[in-house]
Amino acid sequence: MDRIGFAMSAGAEPVQRARLADDPSPEVRAALAYGPERCDPRTAVAPLPDDVCARLLDGPDPSVRTAPLDSPRLAPPFVASLASHRDPAGRRRAVRAREILAPGERSALSADPASLPYGAPGRSPDATALIDRASPRLSESPRGRRTTMARPYDPGPKQFVFAVGDGDDQKVSVGDPQEAYVAFSAFFRDRHSGTYTIGDEPAGQSLVLMPDQGVIARVKGADRPRSEYLRIDRANRCLPSAMLFFENGYAGLDHLGQWFSDLADLDASPETRGSARAATFTTETAAIEEVARIWADSGTVDPSDQYYVFFDSRDVDDDRAERAELLALIEFLGIERADAPAEAAGGEVRVRTDARLAAECARWS
């Protein structure tokens, strides 16, 4: 089982999964915050420890920060802490879970207009604007670093259309990517469909999620649409990709994986897809950046500081496309491979430290 699978495993105790809270990959930390319920809403598991939820909520990656707020099961102490959180989105999440709060904590929320959802009684559009301008959109991370909770759309608000092809489209107007994500995750959770579409009509862009097929498509250009397709190996990658789209549109998905202009190309073997993607990186700078991205998603640094480890703890049948891509890129760059120890997982790839790789990995870590 890889780290994302373990993060969302209903068979693992919360304290065991909590060890991944400091994982270098934002995708792994987001999976931890979503929990097993994201794969199957019928799953009943105990919540993560409060301090772990707080660390995830105050982290530097928007796709990770939104996940604890969207969890269907939160412990009462954590909900109570959200009631006084710096960011209005956290306080609004406490309102949605107010039934598990003590009466005094509910009263504190009722007295806080910034905790009311947009459009709620007692909160006029003018009040919303004033509160959002006055409320801090920064929080203190566990390491004391101030981090942006959600950068407002400018100009805003921004409109999106959510659809599943049944004619019952949902139009939303949101002030920032986090609000868009919360709205879409509820839409996604409440419907079962083979296709979910997020449309940004003013920008002429859309994202199409096909979880049953393991495919994501992105489209841009209203007059002459251009589509690209990406194979995903887990349905739980759909929502993180939606967050990337809400943050930076079509271009925000560039580093999600290997995109193809022809849907039929996804049927090629993983090794063929990986080699084809590696061939698109024709400069040292671009190749190093791609290797560092792969490392950030799946890797660690050996305790000896002599090796970079890719696909840590993964089996040889996992990540076949990215492994083929990585092997081609490190050959192109002249980076020296190293033998993995006998106890290492079969899918691990190790390379010796390289100054170029160290500098780029530092940017991604």
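A: Arg314 is buried, with a relative accessible area of 3%; buried means under 20% relative accessible area, exposed over 50%, and partly exposed in between, taken with a 1.4 Å probe on protein chains only. The model is a predicted one, in which local features need pLDDT of at least 70 and side-chain atom pairs count only at pLDDT 80 or more, while totals for chains, interfaces and linings use all residues. Residues are numbered from 1 along each chain as its sequence is written, and side-chain values use heavy atoms, with hydrogens and water left out.

Arg314 is placed in the loop between E11 and helix H14 (320-333). Helices (H or I, at least four residues) and strands (E, at least two) are DSSP runs, numbered from the N terminus. From C-alpha to C-alpha, Arg314 lies 5.1 Å from Gly347, although 33 residues separate Arg314 and Gly347 in sequence.

The loop that holds Arg314 also holds Phe311. Phe311 has a phi near 55 degrees, which is a positive value in a residue other than glycine. With 0% relative accessibility, Phe311 counts as buried. Asp305, however, is exposed, its relative accessible area being 57%.

A pair of aromatic rings is described by the distance of the centres and the angle of the planes. Rings of Phe, Tyr and Trp (its six-membered ring) pair if their centres lie within 6.5 Å; planes under 30 degrees apart count as stacked, over 60 as edge-to-face and the rest as tilted. By this rule there are 10 aromatic pairs. In one of them, the ring centres of Phe188 and Tyr196 are 4.5 Å apart and the planes stand at 40 degrees, so this pair is tilted. Phe188 and Tyr196 are each buried. Trp295 and Tyr308 make an edge-to-face pair, with 5.8 Å from centre to centre and 80 degrees between the planes. This pair links distant parts of the chain, with Trp295 in helix H13 (residues 284-298) and Tyr308 in strand E11 (residues 307-310), 13 residues apart. Trp295 counts as buried at 6% relative accessibility, and Tyr308 is buried with a relative accessible area of 9%.

Elsewhere, ring pairs join Tyr153, Phe160, Phe162, Phe184, Phe187, Phe188, Tyr196 and Phe246 into a cluster. Over the ring of Tyr153 sits the charged end of Lys158, 5.8 Å from the ring centre; a charge sits over a ring if NZ of Lys or CZ of Arg is within 6 Å of the ring centre and within 35 degrees of the ring normal. The bond from Asp154 to Pro155 is cis, with omega near 5 degrees, and the bond from Gly156 to Pro157 is cis, with omega near 0 degrees. Pro155 lies in the loop between strand E2 (146-148) and strand E3 (158-163), and Pro157 is also in the loop between E2 and E3.

Another charge over a ring involves Arg218, whose charged end is 4.2 Å from the centre of the Tyr250 ring. Two strands pair if DSSP finds at least two bridges between them. E7 pairs in the antiparallel sense with strand E6 (residues 205-210) over 6 bridges, and Val215 of E7 is the bridge partner of Met210. The hairpin of E6 and E7 has 4 residues between the strands, and Gly214 there takes a positive phi near 70 degrees. E7 is also antiparallel to strand E8 (residues 226-231), again over 6 bridges, with Tyr229 in E8 as the bridge partner of Ala217. In the hairpin of E7 and E8, with 5 residues between the strands, Gly221 has a positive phi near 95 degrees.

For context, the protein chain has 15 helices and 13 strands, and 50% of its 365 residues count as buried.
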